[in-house]
Amino acid sequence: MDLALAPETLARWQFGITTVYHFLFVPLTISLAALTAGLETAWVRTGKEKYLRATKFWGKLFLINIAMGVVTGIVQEFQFGMNWSDYSRFVGDVFGAPLAFEALIAFFFESTFIGLWIFGWDRLPKKIHCACIWTVAVGSMLSAYFILAANSWMQHPVGWRFNKETGRAELIDFWHVISQNTTMVVVFHTLTAAFLAGGAFMVGIAAYHLMRGRHIPVMRTSLRLGLMTLIVAGLLTAISGDRLGKVMFEQQPMKMAAAEALWDSEAPAPFSVFAYGDVDKGHNDVALEIPALLSFLAYDDFHSEVPGINDVNRLEQERYGPGDYRPNIPVAYWSFRWMIGFGMASFAIGMVGLWLTRRKRWLAPDLRTGEDEVPKLALTRSRTLGPELTTWYWRIALLTIVFPLIASSWGWIFTEMGRQPWVVYGVLRTADAVSPGVSQGEVITSMTVFTLLYAILAVVEVRLLVKYVKAGPPELTDSDLNPPTKIGGDADADRPMAFSY
């Protein structure tokens with residue numbers, strides 16, 4: 001059978017498509033929940049209408065996003081039983097434990113309190129209502145934590161033992177699984193990257209409205225919040241990424257050697273800026289490098305030796321038996337660079353935006369007064385920068401919405417592809433994890449159905465987001481401005497009740 005159409009290959013394609021698609025919603029869900037909670041907190045503390053309008057606007061976009069995320073996440077879990085039954089049978093006792101906690105604890109918080117937040121605007125006191133969205137935000141982070149703990153165990157399996165009688169992995173130390181250094185660093189890096197995505201999302205949409213001179217008070221506040229989030233998250237993402245790289249150099253040296261196209265061990269080892277070579281022969285024909293930098297990134301030492309692909313491959317053959325333990329080198333190499341490139345581009349755009357908006361020097365006088373609607377041309381008048389640069393920044397800021405999402409997608413592709421040929425590193429190979437009874441035709445059928453379904457959902461998601469983004473923040477009603485002071489209260493309780501039949 002053609003390897004490209006083998007059930008294992010098709011199952012990997014299906015899982016990859018599903019995972020990358022699902023993860024487009026995860027960063028926005030995590031970050032928008034917290035950012036919306038922060039805006040509602042500002043409203044509760046100050047009573048300013050712009051914060052309430054911003055809360056309702058970003059909260060609506062958050063709800064659209066989380067709805068799609070839940071749907072795609074459920075479909076993703078089906079694949080463990082469909083295409084990866086041998087994997088589920090072997091590691092179910094270990095892998096299933098963090099996922100069970102995610103469902104019982106984290107998802108419970110999200111599903112329960114998001115309902116209270118949606119339907120409690122005119123039924124709950126504003127402080128309690130605000131506490132509901134904070135609980136949702138905490139629940140989304142806990143959900144990410146437990147799922148990432150399960151994935152981290154696949155990257156670095158700890159706290160388990162092999163039962164020879166059952167032929168399965170058994171959990172012996174749950175705390176070790178969820179608290180190992182791999183889990184902690186991965187969670188830190190993923191959460192900071194999520195806020196990078198949320199900040200860029202907020203900056204881009206705020207720029208869209210400001211470029212048209214609409215909803216100035218709300219969008220000016222949103223822009224500043226988004227820019228600060230973008231910068232802080234960008235710095236933390238770089239720091240956590242550096243730490244994660246050091247952990248991976250210790251635990252998965254093959255993955256990191258592939259990320260740098262480092263074929264032979266070197267001391268000191270250079271950082272690759274660009275490389276092109278022959279994978280079969282195991283060397284680079286063209287290499288643009290920064291001397292000694294990779295040694296520092298790996299071990300905080302400019303003179304340390306970094307193991308290369310060929311040497312690690314020989315060591316793993318001695319340890320695990322005959323075979324090729326190299327991942328797809330071009331995919332690992334370029335996905336690593338696309339991840340870093342798009343992520344840091346988002347951070348750079350945030351820095352430029354924060355500098356441009358210092359002391360409101362980029363704003364025309366009409367915008368400084370806070371008027372809600374101003375002529376579009378007022379946005380291009382700047383005493384210090386001129387109209388062309390200001391206009392170009394709005395356009396770039398709008399484009400940056402997708403940059404962190406692209407970076408996150410390439411990051412997950414690197415994480416999973418760089419681990420190959422292992423599904424559980426050093427324990428279970430991907431070829432041994434696929435469902436033995438699934439045929440080529442069945443995988444093609446399910447992958448086609450899932451892909452078409454996701455295409456439809458993508459159209460629905462984009463149309464809904466575009467519709468509500470263009471509509472802008474809603475106008476406030478009396479019940480919005482006068483919430484109840486006790487649970488179950490009604491801001492209009494003293495008004496005559498009208499009945500209709």
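Q: Taking buried as under 20% relative accessible area, exposed as over 50% and partly exposed as in between (1.4 Å probe, protein chains only), what is the relative accessible area of Ala407?
A: Ala407 has a relative accessible area of 7%, so it counts as buried. Keep in mind that this is a predicted model, where local features need pLDDT of at least 70, side-chain atom pairs count only at pLDDT 80 or more, and totals for chains, interfaces and linings use all residues. Residues are numbered from 1 along each chain as its sequence is written, and side-chain values use heavy atoms, with hydrogens and water left out.

Q: OK. Where is Ala407 found?
A: Ala407 belongs to helix 15 (helices are DSSP runs of H or I, at least four residues, strands are E runs of at least two, and both are numbered from the N terminus).

Q: And what does Ala407 touch?
A: Leaving aside residues up to four places away in sequence, Ala407 touches Trp338, Met339, Phe342 and Gly343 (a contact is heavy atoms within 4.5 Å). There's also Ala193: 214 residues separate it from Ala407 in sequence, yet the C-alpha to C-alpha distance is 8.7 Å.

Q: Let's follow Met339. Which helix is it in, and is it buried or exposed?
A: Met339 is in helix 12, and its relative accessible area of 18% is why it goes down as buried. Beyond four places in sequence, Met339 touches Ala407, Trp410 and Gly411. As for Ser408, its C-alpha is 6.5 Å from that of Met339, although the two are 69 residues apart along the chain.

Q: Zooming out, how many helices and strands does the protein have?
A: It has 17 helices and 6 strands. The chain has 501 residues, and 51% of them count as buried. If you take contacts between residues at least 6 apart in sequence, 77% join residues at least 24 apart.

Q: How many residues are in the largest nonpolar core?
A: That core has 114 residues (buried Ala, Val, Leu, Ile, Met, Phe, Trp, Tyr and Cys, joined through side-chain atoms within 4.5 Å). Helix 7 gives the most to it, with 18 residues. Among those with the most contacts inside the core are Trp58, Phe201 and Ile205. Ile205 touches Phe57, Trp58, Leu61, Ile401 and Val469, again not counting residues up to four places away. A second, separate core has 7 residues, including Phe25, Met68, Tyr454 and Leu457.

Q: New topic: which peptide bonds are cis?
A: Two to look at are Ala267 to Pro268, with omega near -5°, and Gln420 to Pro421, with omega near 15°. Pro268 is in the loop between helix 9 and strand 3 (271-278), while Pro421 is in the loop between helix 15 and strand 5 (422-424).

Q: What about phi of Ala261?
A: Phi of Ala261 is near 50°, a positive value in a residue other than glycine. Most residues other than glycine have a negative phi, and most peptide bonds are trans. Ala261 sits in the loop between helix 9 and strand 3 and is buried, at 8% relative accessible area. Ala292 has a positive phi too, near 70°; this residue is in the loop between strand 4 (283-290) and helix 10 and is buried, at 14%.

Q: Last one: where does pLDDT stay under 50?
A: One such stretch is residues 377-389, with 26 contacts beyond four places in sequence (pLDDT is the predictor's confidence in each residue, from 0 to 100). Residues 491-501 are also below 50, with 6 contacts beyond near neighbours in sequence. The protein averages 85, and 88% of the residues score at least 70.
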